[in-house]
Amino acid sequence: MRGYCAGTLPQTPASSQACGKTPFTQPLACEFLPMPTYLSNTQLETYRRDGFLVLPEFASAEACLKIRAQGMALAASLVPPPEKATVFTADGGEGGHVADDYFLGSGGDIRCFFEKDAFDTAGQLRADAHLCLNKLGHALHDRDEHFAAFSRTPELAALATDIGFLDPRLLQSMYIFKQPRIGGEVSCHTDHTFLWTEPRSCVGFWFAIDDATTENGCMWALPGGHHLPVKVRSRLNAERTRAVMDVYDTEPYPTTGLVSLEAKRGTLVLLDGALPHLSGPNHSAEPRHAYTIHAIEGAARYLPDNWLQREVAELRGFAPV
Ligand code: FE2
């Protein structure tokens, strides 16, 4: 479904909180906070200042290649026939309702989403169907054993604790293909817009499975932009049949000051849920595969009209099982 990326929205300005056992991911200013165990103090300060942190070589090349092979295998086995694919990639019209159902039902499943530029003017796929996918989503971390193992490690658990989680819950995952030539851009957004909790707690864990460059559509982010109020919230309409946007601020995010987040395979990029970020199209001949997990704090209130609905109590954290 075009226009959806991860999920986003409420107006919780990132502000320092008092000390004590204050959960969640807003900057914490307290001399009694525990020392980080995975990150250095400097890395933690950088994350809190910028709203993102790039951690090269977090995952091994071997682990990335295993996940890559599994992503391709899932794509090949799960991709629907092209005649059905045109239904849920159609913009509006007859296919719109089916497309919305397909997307809104994907929160606890592994489903396939096509690139819109994968179709020619006659509506035919330009290549084999599984090579035309934009992404798989949105519960690979719970529905596939390979992705489940990649998503839960002692290092990830320690990292989550370092950045302020008390009880992280893995809510959403996506395998993003950013296919050569047709990989589409993702416009500037925040992930909290789509995965709204009160207080704000969403954090993205983005893994470069292939090298991400400015040529093949790497991410860009606005340093410190997580201190701005989130401008838009995506939520279900009253009939719960499609997602709609509540706009709190029509002023676009600044377009100057964005920095490119080029990343070698195995790099992990942490993204505060309120951080404006985007990625460009992939007009190169190189794929740009990535895997991303979005986690929320277990005690935060997960809004009942967020598009993705799962029982938070049943979601698990980063600790290996
Ligand atoms: Fe995002």
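Predicted model: local features only at pLDDT ≥ 70, side-chain atom pairs only at ≥ 80, totals over all residues.

Of the 321 residues, 46% count as buried. If you take the contacts between residues at least 6 apart in sequence, 84% of them join residues at least 24 apart.

Let's begin with helix 2, which covers residues 61-78. Its 18 residues reach 25 Å from the first C-alpha to the last, close to the 26 Å expected at 1.5 Å a residue. Which residues of helix 2 are buried? They are Cys64, Ile67, Gly71, Leu74 and Ala75. Viewed down the axis of helix 2, these buried residues fall within an arc of 100°, so they line one face of the helix. The spacing makes sense in general terms: an α-helix has 3.6 residues a turn, so residues three or four places apart point the same way.

And what lies against that face? The buried residues of helix 2 pack against strand 2 (110-114), strand 3 (133-138), helix 6 (145-151), strand 4 and strand 14. On the face turned away from the buried side you will find the exposed residues Glu62, Ala69 and Ser77.

Now move along to helix 7, at residues 154-162, where Leu156, Leu159, Ala160 and Asp162 are buried. Seen down the axis of helix 7, its buried residues fall within an arc of 160°, so here too they line one face of the helix. The elements covering them include helix 1 (41-50), strand 4 (168-176), strand 7 (203-208) and strand 14 (290-297). Helix 7 is followed by Gly164, whose phi is positive, near 115°.

In what order do its strands lie? The order is 5-13-8-11, with antiparallel pairing. At the edges sit strand 5 (186-189) and strand 11 (259-261), each of which pairs on one side only. From one strand to the next, the twist averages 25°.

Within this sheet, look at strand 8 (residues 219-221) and strand 13 (residues 277-279), which run antiparallel and are joined by three bridges. To find your place between them, look for Met219, which stands opposite Ser279 in strand 13.

Terms used
Residues numbered from 1 in each chain as written. Buried ≥ 20, exposed ≤ 12 C-beta atoms within 10 Å, placed from the backbone. Contact = placed C-beta atoms within 7 Å. Helix = DSSP H or I, 4+ residues; strand = E, 2+ residues; numbered from the N terminus. Arc of directions from axis to C-beta. Pairing = 2+ DSSP bridges. Axes fitted to C-alpha atoms, helices over the stretch in contact; angles between N-to-C directions. Expected span 1.5 Å × (residues − 1).
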